[in-house]
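Here are my notes for your read-through. Please keep the structure open while you go through the points.

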Amino acid sequence: MATCDDCRLPIERSLSTVKKRVLCDPCSSLYDLDSSIRMRPVERDDLELLLAWRSIPEIYRHFRVQDGPLNWDEHVTWYESRSDSRYDFLIRYEKRQVGVVSIDSDDEVGIYLGDFSVHGHGIATAALEWICDRFADRTPFTAEVHENNEPSKNLFKNCGFKKNTTNGGWIRYIYES
């Protein structure tokens, strides 16, 4: 079975060839939308960058299960023990790594941009729409957003997620294709 040159996942649908690259339909659509945005799987060599981003208070204050900077060993243990049905993708913009979008084994999606200079450029929207398209066969998706995180609430709402429940300051959104 062929794999996509960007997201490196198996291609089950029609193939698209862009600049001699084989892309799945979602990656091809992303390329058509903005050729400077790309997704690729997070690799072990990316962990130092992810650790740095996830240790920024402005980022981790919006995470449900993190309330301080990460420990390197715990971070590596998390990476190495991820479920086979969890996928984490590095968001690249203009050939720079700028954030992460993921889907876990419970079909919960998450996203953060670690490079603050790209906020407001539509990158998070494109990445969230991409992951919803790439894993459409796994819907419904959920997402949890802190009630004080207005940018994320707007992002998920604008990408078709509907408010489902609220619990302890966290809003649960659901997405059904």
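How do helix 1 and helix 5 cross, and within what distance do their axes come? This is a predicted model, and the points below should be read that way.

1. **Helix 1 against helix 5.** The axes of helix 1 (residues 25-33) and helix 5 (residues 123-134) come within 9 Å. They cross at roughly 155 degrees. Angles over 145 degrees count as roughly antiparallel, so helix 1 is roughly antiparallel to helix 5. The crossing of the two helices is right-handed.

2. **Residues at that contact.** Helix 1 brings Pro26, Cys27, Leu30 and Leu33. Helix 5 answers with Ala126, Trp130, Asp133 and Arg134. Sorted by class, the contact of helix 1 with helix 5 has six nonpolar, no polar and two charged residues.

3. **Helix 2 against helix 4.** Helix 2 (residues 47-54) packs with helix 4 (residues 72-80) at an angle of about 120 degrees. Their axes are 11 Å apart. The two helices are therefore oblique to each other. Helix 2 and helix 4 also make a right-handed crossing.

4. **Residues at the second contact.** From helix 2, the contact uses Leu47, Glu48, Leu50 and Leu51. From helix 4, it uses Trp72, His75, Val76 and Tyr79. By class, the contact of helix 2 with helix 4 has six nonpolar, one polar and one charged residues.

5. **Strand 3 to strand 4.** Strand 3 and strand 4 run antiparallel and are joined by five bridges.

6. **Strand 4 to strand 5.** Strand 4 (residues 87-93) pairs with strand 5 in the antiparallel sense over seven bridges. Asp88 has Ser102 in strand 5 as its bridge partner. Strand 4 and strand 5 form a hairpin with two residues between them. Glu94, in the turn, has a positive phi of about 50 degrees.

7. **Strand 5 to strand 6.** Is strand 5 (residues 96-103) mostly covered or mostly open? Strand 5 is mostly covered, with six of its eight residues buried. Five bridges join strand 5 to strand 6 (residues 109-113), and these strands run antiparallel. Val100 stands opposite Tyr112 in strand 6. The hairpin of strand 5 and strand 6 has five residues between the strands. There, Asp107 takes a positive phi near 65 degrees.

8. A sheet of three strands is open and has the order 7-9-8, with antiparallel pairing. At its edges are strand 7 (141-146) and strand 8 (162-167), each pairing on one side only. Neighbouring strands of this sheet are turned by 25 degrees against each other on average, direction ignored.

9. **Strand 7, strand 9 and helix 6.** Strand 7 and strand 9 (residues 170-175) pair in the antiparallel sense over six bridges. Ala143 has Tyr173 in strand 9 as its bridge partner. Helix 6 packs on the sheet and touches strand 7 and strand 9. The direction of helix 6 makes about 160 degrees with that of strand 7.

10. **His146.** Is His146 buried or exposed? His146 is found in strand 7. Its relative accessibility is 18%. Buried means under 20%, so His146 counts as buried. Leaving aside neighbours within four places in sequence, His146 is in contact with Lys153, Gly169 and Trp170.

11. **Lys157.** Lys157 lies in helix 6 (residues 150-158). Its relative accessible area is 58%. The cut-off for exposed is over 50%, so Lys157 is exposed. Lys157 and Tyr175 are 18 residues apart in sequence. In space they are 9.4 Å apart, C-alpha to C-alpha.

Technical notes:
Residues numbered from 1 in each chain as written. Predicted model: local features only at pLDDT ≥ 70, side-chain atom pairs only at ≥ 80, totals over all residues. Heavy atoms only, no water. Axes fitted to C-alpha atoms, helices over the stretch in contact; angles between N-to-C directions. Helix = DSSP H or I, 4+ residues; strand = E, 2+ residues; numbered from the N terminus. Parallel < 35°, antiparallel > 145°, perpendicular 65-115°, else oblique. Left-handed = near helix turned anticlockwise from the far one by under 90°. Contact = heavy atoms within 4.5 Å. Nonpolar A, V, L, I, M, F, W, Y, C, P; charged D, E, K, R; others polar. Buried < 20%, exposed > 50% of the residue type's maximum accessible area, 1.4 Å probe, protein only. Pairing = 2+ DSSP bridges.
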